[in-house]
Amino acid sequence: MILTRWFHGTSDFDTVRALRTAVFVEEQGMPAELEFDEFDDMSMHVVVYDGREPAGTGRLYYDGSMFRIGRICVLKEKRGQRLGDMLVRLLLDRALNVNAPAIRIYARPELTEFYGKFGFAVCGEPFMENGVAEVVRMEARAADVRFPRACQGE
């Protein structure tokens with residue numbers, strides 16, 4: 001059974017921290033001091049559970065000019081169950097429910113097609129984020145956000 005739970009700010013942050021550390025720091029080599037930032041305190045974080053086990057997380061926040069989603073990750077052993085798709089849908093739904101006029105995400109270039117199916121469009125060329133990972137800025141106006149039909153086997 002898949003369950004979800006929302007957290008605000010850094011209260012009850014241990015689960016979010018553990019998931020992001022496992023994926024971004026240990027698996028992908030992001031320095032821990034760059035992974036956790038000032039936006040965590042102002043974010044709405046969602047955690048997806050596979051039964052009682054945390055499987056993935058993502059966050060939504062307003063950076064002063066734009067609503068942003070990010071830090072979306074799923075544990076390696078939990079991938080292939082469409083949990084990343086579920087996380088994006090949950091974050092977009094929350095953004096639209098707080099009347100975000102547009103949403104921004106910084107994505108690895110190989111994920112632009114995945115985010116594109118939700119209405120995100122590439123805005124500019126890829127660049128190095130924090131000197132660690134290549135990303136590309138993508139944005140979707142609220143009116144352009146799509147929730148595509150889920151297909152078996154994706």
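## A buried charged network and a pocket

The backbone oxygen of Asp40 sits 3.1 Å from a polar atom in the side chain of His45. That makes a handy starting point for a look around this predicted model, in which local features need pLDDT of at least 70 and side-chain atom pairs count only at pLDDT 80 or more, while totals for chains, interfaces and linings use all residues. Residues are numbered from 1 along each chain as its sequence is written, and side-chain values use heavy atoms, with hydrogens and water left out.

### Around His45

His45 belongs to strand E2. (Helices, H or I with at least four residues, and strands, E with at least two, are DSSP runs numbered from the N terminus.) Is His45 buried or exposed? With a relative accessible area of 0%, His45 is buried. Here buried means under 20% relative accessible area, exposed means over 50%, and partly exposed is in between, using a 1.4 Å probe and protein chains only.

So who are the neighbours? Setting aside residues within four places in sequence, His45 is in contact with a list that includes Trp6, Phe13, Arg20, Asp40, Gly58 and Arg59. Contact means heavy atoms within 4.5 Å.

### The salt bridges

Side chains of opposite charge can pair when their charged atoms come close. A salt bridge is a side-chain nitrogen of Lys or Arg within 4 Å of a carboxyl oxygen of Asp or Glu, and the structure holds 17 salt bridges. Here are three of them.

| Pair | N to O distance |
|---|---|
| Arg59 and Asp37 | 2.9 Å |
| Arg71 and Asp37 | 3.3 Å |
| Arg59 and Asp40 | 2.6 Å |

Salt bridges with shared partners join Arg20, Glu35, Asp37, Asp40, Arg59 and Arg71 into one network.

How exposed are these charged residues? Arg59 counts as buried at 2% relative accessibility. Asp40 is buried as well, with a relative accessible area of 3%, and Arg71 is buried at 19%.

Arg20, another network member, is found in helix H1 and is buried, with a relative accessible area of 1%. A polar contact of 2.8 Å joins the side chains of Arg20 and Asp40. (A polar contact is a pair of N or O atoms within 3.5 Å; within protein, one must be able to donate a hydrogen and the other to accept it, and residues adjacent in sequence count only if both atoms are side-chain atoms.) Leaving aside neighbours within four places in sequence, Arg20 also contacts residues including Glu35, His45, Arg59 and Arg71.

Gly58 lies in strand E3 and is buried, at 1% relative accessible area. Gly58 and Arg20 are 38 residues apart in sequence and 9.0 Å apart in space, C-alpha to C-alpha. Not counting residues up to four places away in sequence, Gly58 touches His45, Arg71 and Ile72, among others.

### The largest pocket

Rolling a probe the size of a water molecule over the atoms shows where empty space is left. On a 1 Å grid over the protein atoms alone, a pocket is an open set of points where a 1.4 Å probe fits, with protein on both sides within 12 Å along at least five of seven lines, and lining residues have an atom within 4 Å of a point.

The largest pocket holds about 1000 Å³ of space, a volume being the space filled by probe spheres set on the points, which are joined across faces, edges and corners. Its lining has 42 residues, and Phe24, Ile72, Arg108, Leu111 and Tyr115 lie nearest the centre.

Which strand or helix gives the most to the lining? That is E4, with 7 residues. By class, the lining has 20 nonpolar, 7 polar and 15 charged residues. (Ala, Val, Leu, Ile, Met, Phe, Trp, Tyr, Cys and Pro count as nonpolar, Asp, Glu, Lys and Arg as charged, and the others, Gly among them, as polar.)

### Two residues with positive phi

Most residues other than glycine have a negative phi, and most peptide bonds are trans. Asp12 is not a glycine, yet has a positive phi of about 55°. Asp12 sits in the loop between strand E1 (2-8) and H1, and counts as exposed at 51% relative accessibility. Asn99 has a positive phi near 65°. Its place is in the loop between H3 and E5, and Asn99 counts as exposed at 64%.
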